[in-house]
Amino acid sequence: MDKRLVVVTGGTRGVGAGIARAFADADDEVLVCARRPPQVPLEGIGFAPLDLRDPPAVRAFFERLPRLDVLVNNAGGAPYRLLTETEAEWHARVIDLNLTAPLTVSLAAYDRLKPARGSIVMIGSVSGTRPSPGTAAYGAAKAGLENLARSMAVEWAPDVRVNTLVVGMVRTGLSHLHYGGEDGIEAVSRTVPLGRLAAPSDIGGAAVFLASDAAAYITGAGLLVHGGGERPAFLDAATVNKEK
């Protein structure tokens, strides 16, 4: 049988590269797209330059593909910035990248995914399920992304399955920007029930599952990949019922 064709947006580093590698290891043909090529070549994985915020370019990209079996909307992110530290236009660009761009990409990919009875995996975040001070626009966009995926799943069934990975904290080359150095990363890791941050391969394995036949009856779902979440702060603040 021919290999499946998998497109991963923003798949040149970090979580995206981990997802691309997981699909390649599953013997899929993988193509990553981003504005800039990876600094370190991804062995066995193709690259195409693409600005996801350019709808005509996105449509042209998918029109050129001979087929498409899986789309992973991974591109996104935002630096730490309190709401009042910058103008609304800056926050709007964060929402554009993390919500509008996945919508643009999914619409452009639909005609390729439908005949293949394909699958879309949105890369969401726990930031969309709780307050996200410092990344408020990002959290709002990720909340919207999960809702968008649920609506897509209903509108596009049974031809295209659409699910979301609700991702917790991941250790990447940029972790120091969010958590500090090794001491900070270790301290943050202790707040996770499983005792560590996720590795990009953890997210990749979950994405491969959602796009597989093993998940054939799963659509419109949000799969939590967060190591158990966060221990409620009130448990440590309370003065009774302490664990011994």
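Student: In this predicted model, is the crossing in which α2 passes α3 left-handed or right-handed?
Tutor: The model is a predicted one. Two packed helices are described by the angle between their axes and the distance between the axes. Helix α2 (residues 55-64) packs on α3 with the axes 9 Å apart and at about 25 degrees. The sense in which α2 passes α3 is right-handed.

Student: Are α2 and α3 roughly parallel or roughly antiparallel?
Tutor: The angle between α2 and α3 is about 25 degrees. Angles under 35 degrees count as roughly parallel, so α2 is, relative to α3, roughly parallel.

Student: How many residues of the contact of α2 with α3 are charged?
Tutor: On the α2 side the contact includes Arg-59 and Glu-63, and on the α3 side it includes Arg-112. The residues of this contact divide into 6 nonpolar and 1 polar, and the number charged is 3.

Student: At what angle do the axes of α3 and α4 cross?
Tutor: Helix α3 spans residues 88-116 and helix α4 spans residues 136-156. Their crossing is right-handed. The axes come within 8 Å, and the crossing angle is roughly 20 degrees.

Student: How many residues of the contact of α3 with α4 are nonpolar?
Tutor: Val-94, Ile-95 and Leu-99 are among the α3 residues that meet α4, whose residues there include Leu-145, Leu-148 and Trp-156. The contact has 4 polar residues and 1 charged, and the nonpolar number is 14.

Student: What is the volume of the second largest pocket?
Tutor: Among the residues closest to the centre of this pocket are Arg-117, Arg-161 and Asp-213. Its lining has 11 nonpolar, 4 polar and 9 charged residues. The volume of the second largest pocket is about 410 Å³.

Key
Residues numbered from 1 in each chain as written. Predicted model: local features only at pLDDT ≥ 70, side-chain atom pairs only at ≥ 80, totals over all residues. Heavy atoms only, no water. Axes fitted to C-alpha atoms, helices over the stretch in contact; angles between N-to-C directions. Helix = DSSP H or I, 4+ residues; strand = E, 2+ residues; numbered from the N terminus. Left-handed = near helix turned anticlockwise from the far one by under 90°. Contact = heavy atoms within 4.5 Å. Nonpolar A, V, L, I, M, F, W, Y, C, P; charged D, E, K, R; others polar. 1 Å grid on protein atoms, 1.4 Å probe; cavity = no way out; pocket = protein on both sides within 12 Å on 5 of 7 lines; lining within 4 Å. Points joined across faces, edges and corners; volume = space filled by probe spheres on them. Parallel < 35°, antiparallel > 145°, perpendicular 65-115°, else oblique.
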